Amino acid sequence: MAYPLSASRLQTYQRCPQSYYFRYERGMKQPGFFGAASLGTALHQALVRIYGNWHYQQPVLPLAWVQQCWQECSASLPPSQVTEGRHILEGYYHQFLAGQPLRKPLALEGRIQGHLQVENLEFTISGRYDRLDFVDDGIELIDYKSAKEMHLPDAETLDVQIGIYYLALEQRYHQSLKQMSLLFLRTGELITYLATAAHKEHVLAMVSELAKKLQADQDWEPITGKHCDRCGYRRYCKAVNPNPEPLPEGLNAAYGGSRSLQLTLSF
Ligand code: SF4
């Protein structure tokens, strides 16, 4: 069985190997940070419908189609969110769709997966996308953002995300990721980051380091920083707590037991 990796797993590892160990090696759940974002979910569903259900026999999309898709996806929302969502999508329409020939996306809202073998371990890498478009000589990955606050990922997080997508898309489509764009639905801002093979190499180096740790069962040393303020493992962490609690019992069997299955034979 391959060892699963995603951008969020690698980011956790990079931020603090010990919190990675607690979360993914010992299976200790962190308290969730985010509540259900029903308006955001409905907006994502509507955009899938707008691009995915259009017949593409007319080159330019009418606003009425966008409004129809929103009506179909917003039925369970309170009236204030229905109105808010309609305004957001009408703004999207005028900025990105009105008067422009519509190109059919390569794929809509899905999960992309790839496989790696590093240090005699097999890994599955995966990530989610909202939309994949063909650009001139490769692929653009578009990630819709519906939160009220415009939050940009830090440089390190971006490097990991782009590297994971680069690897997975190369395997799936035999084409390179050329750019990743964050599209902020509420403001219409589109932030585009170029992707290069250096992003892929960066992720491969991280996976290699992780693979060595998994094989050697080395210490998963803590790295302290601002992120500790929001860490759900503080009470178990000797770096921020002089008297850390012992880890809950019964976690080893479920997680440590599967480790042997991840090793692959090499001769
Ligand atoms: S409190 Fe900080 S150092 Fe300790 S596990 Fe959490 S993130 Fe790592």
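## Loop residues with positive phi

Asparagine 120 is found in the loop between strand 2 (107-118) and strand 3, where strands are DSSP runs of E with at least two residues and helices are runs of H or I with at least four, numbered from the N terminus. This is a predicted model, in which local features need pLDDT of at least 70 and side-chain atom pairs count only at pLDDT 80 or more, while totals for chains, interfaces and linings use all residues. Residues are numbered from 1 along each chain as its sequence is written, and side-chain values use heavy atoms, with hydrogens and water left out.

Although asparagine 120 is not a glycine, its phi is positive, at about 65°. Tyrosine 56, also not a glycine, has a positive phi near 65°. Most residues other than glycine have a negative phi. Tyrosine 56 sits in the loop between helix 3 and helix 4.

## Asparagine 53

The loop between helix 3 (38-52) and helix 4 (63-73) also holds asparagine 53. From asparagine 53 to cysteine 69 the C-alpha distance is 9.1 Å, with a separation of 16 residues in sequence.

## Helix packing

The axes of helix 1 (residues 7-15) and helix 2 (residues 17-25) come within 5 Å and cross at roughly 135°. Axes are lines fitted to C-alpha atoms, for helices over the stretch in contact, and angles run from 0 to 180 degrees between N-to-C directions. Helix 1 is therefore oblique to helix 2; angles under 35 degrees count as roughly parallel, over 145 as roughly antiparallel, 65 to 115 as roughly perpendicular and the rest as oblique. Helix 1 contributes Ser8, Arg9, Thr12, Tyr13 and Arg15 to the contact, and helix 2 contributes Pro17, Ser19, Tyr20 and Tyr24.

Helix 6 (residues 155-173) and helix 7 (residues 197-216) pack at an angle of about 100°, their axes being 7 Å apart. Helix 6 is therefore roughly perpendicular to helix 7. Residues in the contact include Val160, Ile164 and Leu167 of helix 6 and His199, Val203 and Met206 of helix 7.

## Second largest pocket

The second largest pocket has a volume of about 430 Å³. A pocket is an open set of points on a 1 Å grid over the protein atoms alone, where a 1.4 Å probe fits, with protein on both sides within 12 Å along at least five of seven lines; lining residues have an atom within 4 Å of a point. Grid points are joined across faces, edges and corners, and the volume is the space filled by probe spheres set on the points.

Of the 21 lining residues, Tyr51, Arg103, Arg131, Asp133 and Glu140 are the closest to the pocket centre. Strand 3 gives the most to the lining, with four residues. Because domain 1 (3-30 + 105-209) and domain 2 (38-97) both give residues to the lining, the pocket lies between them; the domain bounds come from an automatic or database domain assignment.

Conventions:
Contact = heavy atoms within 4.5 Å.
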